[in-house]
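User: Before we discuss details, please show me the model and its sequence, and then take me through the fold by question and answer.

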Amino acid sequence: ERQEARPYNRQRLLVVANRLPVSAVRRGEDSWSLEISAGGLVSALLGVKEFEARWIGWAGVNVPDEVGQKALSKALAEKRCIPVFLDEEIVHQYYNGYCNNILWPLFHYLGLPQEDRLATTRSFQSQFAAYKKANQMFADVVNEHYEEGDVVWCHDYHLMFLPKCLKEYNSKMKVGWFLHTPFPSSEIHRTLPSRSELLRSVLAADLVGFHTYDYARHFVSACTRILGLEGTPEGVEDQGRLTRVAAFPIGIDSERFIRALEVPDVIQHMKELKERFAGRKVMLGVDRLDMIKGIPQKILAFEKFLEENASWRDKVVLLQIAVPTRTDVPEFSFTHGNITKHLLKKLTSQVHEIVGRINGRFGTLTAVPIHHLDRSLDFYALCALYAVTDVALVTSLRDGMNLVSYEFVACQEAKKGVLILSEFAGAAQSLGAGAILVNPWNITEVAASIGQALNMTAEEREKRHRHNFHHVKTHTAQEWAETFVSELNDTVIEAQLRISK
Ligand code: ADQ
């Protein structure tokens, strides 16, 4: 059966994710300009060259007219992208509502404020209905483009209902589903009104993947405790049918970062940064602006460090780059008030206030301790920053993996800087031995770890860096995708064998 499949290296892979890896801007009635956009999944799959990949997803824009839809589909086809068109109301209910206000905070163990929680509870049913409807729309597009022998790889919490919809179209379709966020303890998942329906839909996939063994274990416990199914070392069994559940830790295209450091522009930029911060140690934070990233906690820990270590005040600087994302969809007018949007606004002003206070407190006429930028950096600027950094601070309150920690390590072959890493990021499982692991909620502990990092001997930095660099170089995005897809190919066959036994 394996031999009948297409040659492995030419297999068509349909990658289905909420967002296409492009941002589209309308230039005229029938013309669009497209740009590849940043993000965790995009960074990871850019490294994969083995499959003939097609992307299926939402382009992030509202295109109500047929002329515009046709033109956009045509432009996207050149980038091997196929759009799913979602209207304003669906986006509001499915994306802002169910995905971002319900699943995202729940999967990251973050509660909503009381008034938001009540509003969310009230709109739950309509949002879940929209979620299912949107997933069905994705399924329709996949089904339309599916050819025998293709593998379909569904991504993330936006598309938990998709495996079931796809299997209803075609039970022979090879379907994998991968979650980029944590999967929470079954006690948390149990509180979700649609808990069983979501689990059952995911179980329709042939292979279910998570970043860490812990997330996979939580998922299996949820299936045993909530659905009463049997958990086995391979996955979850339901009336003789096995859904394979396993951990597939993601990586990055490390060579892309290493090569970037040889580009003249990057070298020049590094030189400028070194001059700009001469005589000071550089600490760096790079995060999407999101509640899960623990940005205020990180800055408060830095303040505590400055408070307790007067001699360091003019010798260290924290550069915090926070890119606003997710709800930044200007094409849509959110008339019903968007919870995530107002929480993010609150977070931004909170961060600004803390930064302002600390800079007022510890700054001088010529220098401030914190530079905070509310924007994205281009790839080369990001690489230069990573390379000149002495200490990177990744203090996510929860994070599926966290690729920023990997990218920093990839750029540190010359400097061998220190990574301070939250124990609640999936990356703690892979980079824990080289990083200083911290509980991001414990400001005192994080402040102490900053001191430890700044005072670390060159030998110890070298030893820690060696461990992490080796990991980042050998566990790449490409390997991650290849392993997932090859296991998906095998799993289907195994599951079929089990049934025919
Ligand atoms: P994210 O939450 O987006 O991803 P992360 O893994 O850190 O988190 O990836 C962010 C990506 O965006 C990185 O490639 C980074 O370089 C880039 N980026 C972030 N801030 C930036 C800035 N200010 N300027 C430019 N680029 C910036 C989700 C999950 C993670 C999981 C990934 C992949 O939340 O836990 O690791 O998917 O599975």
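**A parallel sheet and its surroundings**

Analyst: In strand E13, valine 316 is the bridge partner of lysine 281. The model is predicted, so to speak of local features a pLDDT of at least 70 is needed, side-chain atom pairs count only at pLDDT 80 or more, and totals for chains, interfaces and linings use all residues. Residues are numbered from 1 along each chain as its sequence is written.

User: How many bridges join strand E12 to strand E13, and do they run parallel or antiparallel?

Analyst: Strands (E, at least two residues) and helices (H or I, at least four) are DSSP runs numbered from the N terminus. E12 covers residues 281-288 and E13 covers residues 316-323. The two strands run parallel, and the number of bridges joining them is 8.

User: Which strands are the edge strands of the open sheet?

Analyst: The open sheet has 6 strands with parallel pairing, in the order E14-E13-E12-E15-E16-E17, where two strands pair if DSSP finds at least two bridges between them. An edge strand here pairs on one side only, and the two are E14 (370-373) and E17 (436-438).

User: At about what angle does helix H14 run to E16?

Analyst: Helix H14 (residues 403-410) lies across E12, E15 (391-394) and E16 (418-422). Axes are lines fitted to C-alpha atoms, for helices over the stretch in contact, and angles run from 0 to 180 degrees between N-to-C directions. On that scale, H14 runs to E16 at about 170°.

User: How many of the 13 residues of H10 are buried?

Analyst: A residue is buried if 20 or more other C-beta atoms lie within 10 Å of its own, exposed if 12 or fewer, and partly exposed in between, with C-beta atoms placed from the backbone. Across the protein, buried residues make up 46% of the 501 residues. H10 is hardly covered, and its count of buried residues is 1.

User: What radius of gyration does the protein have?

Analyst: The radius is taken over C-alpha atoms, and the globule rule is 2.2 Å times the number of residues to the power 0.38. With 501 residues, a compact globule would therefore have a radius near 23 Å, and the protein agrees, at 23 Å.

Notes:
Two residues are in contact if their C-beta atoms, placed from the backbone, lie within 7 Å.
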